Amino acid sequence: MLQRALIFSSSNPICSQLSTTAPPDNTVFPKRNGGWIIPFSSYQLPAFRFRNYRRTLLPPLCSESDSAANRPNMASQDEQDPRISNISSAIRVIPDFPKPGIIFQDITTLLLDTKAFRDTIDLFVERYRGKDISVVAGIEARGFIFGPPIALAIGAKFVPMRKPNKLPGEVLSEEYSLEYGKDTMEMHVDAVKAGERALIIDDLVATGGTLSAAIRLLECVGVHVVECACVIELPELKGRERLGGKPLFVLVSST
């Protein structure tokens with residue numbers, strides 16, 4: 001099948017003609033402890049030590065936008081939640097990777113810690129269950145790690161937001177700027193419908209370029225983006241300022 005890429009922008013007349021009907025009122029979501037996320041095992045992986053790397057603890061931060069309407073009373077917003085410090089301590093920081101001057105936030109050590117990994121998923125699930133979210137959009141590639149278990153737990157479908165020429169069917173595309181040039185994000189045209197409510201998930205927000213591209217791509221086809229969620233934020237890069245006022249929820253900060 002010949003793949004066709006449609007480039008959308010805020011000025012595209014197609015966007016203004018799309019329906020924005022709300023999802024049905026009788027949408028059913030699984031109950032808490034309904035079987036998707038089970039209590040974690042007491043088994044723990046052994047601690048790993050790396051001679052050439054240093055582990056820097058990221059300070060806990062559960063934050064969102066300043067809008068009072070977007071401040072549900074959730075346990076995950078409590079900075080004293082012990083799960084937050086556990087997640088923070090499980091993230092390894094590697095200096096000068098992939099090039100000098102870059103401090104890399106390595107979530108692979110978080111994935112090795114079964115309790116911290118499950119706590120991460122649980123915190124997101126507790127926040128978004130019962131919010132009528134029908135789409136969890138994961139940004140390539142680490143959004144594919146956190147997105148699917150969250151989607152299953154809240155009763156939503158998972159939609160991969162991929163780099164160019166990775167999806168086999170007809171796609172919608174959104175171009176965005178990077179520090180060193182431009183890139184493109186794509187999703188299948190039949191992945192979402194106008195009026196659906198979406199959560200965008202990634203492991204880290206830096207400059208906000210990929211998140212803002214995902215927001216534009218979903219909104220251009222009539223999807224309502226409820227919130228963006230990331231495990232880590234690099235606040236000094238002010239990525240949340242590029243999200244057009246969309247709420248951003250993160251667990252830990254790099255500062």
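## Reading a predicted chain, feature by feature

Guide: Contacts with a separation of 6 or more in the protein chain come 67% from residues 24 or more positions apart, where a contact means heavy atoms within 4.5 Å. This is a predicted model, in which local features need pLDDT of at least 70 and side-chain atom pairs count only at pLDDT 80 or more, while totals for chains, interfaces and linings use all residues. Residues are numbered from 1 along each chain as its sequence is written, and side-chain values use heavy atoms, with hydrogens and water left out.

Visitor: How many helices and strands does the protein chain have?

Guide: Helices (H or I, at least four residues) and strands (E, at least two) are DSSP runs, numbered from the N terminus. Here there are six helices and 11 strands.

Visitor: Which residues of α6 are buried?

Guide: Start with the general idea: an α-helix has 3.6 residues a turn, so residues three or four places apart point the same way. Buried means under 20% relative accessible area, exposed over 50%, and partly exposed in between (1.4 Å probe, protein chains only). In α6 the buried residues are Gly209, Leu211, Ser212, Ala213, Ala214, Ile215, Leu217, Leu218 and Cys220. That is nine of the 12, so α6 is largely enclosed by the rest of the structure. After α6 comes Gly222, with a positive phi near 90°.

Visitor: How many aromatic pairs are there?

Guide: A pair of aromatic rings is described by the distance of the centres and the angle of the planes. Rings of Phe, Tyr and Trp (its six-membered ring) pair if their centres lie within 6.5 Å; planes under 30 degrees apart count as stacked, over 60 as edge-to-face and the rest as tilted. The whole structure holds four such pairs. One of them joins Phe97 and Phe104, edge-to-face at 5.2 Å centre to centre with 80° between the planes. Phe97 is partly exposed, at 42% relative accessible area. Phe144 and Phe158 also pair edge-to-face, with 6.0 Å between centres and 90° between planes. Phe144 belongs to helix α5 and Phe158 to strand β6, so this pair ties together parts 14 residues apart in sequence.

Visitor: How many disulfides does a search of the whole structure find?

Guide: A disulfide is a pair of cysteine sulfur atoms within 2.5 Å. The search finds zero. For Cys228, the nearest cysteine sulfur is that of Cys230, 7.1 Å away. Cys228 is buried, at 0% relative accessibility, and Cys230 is buried at 0% too.
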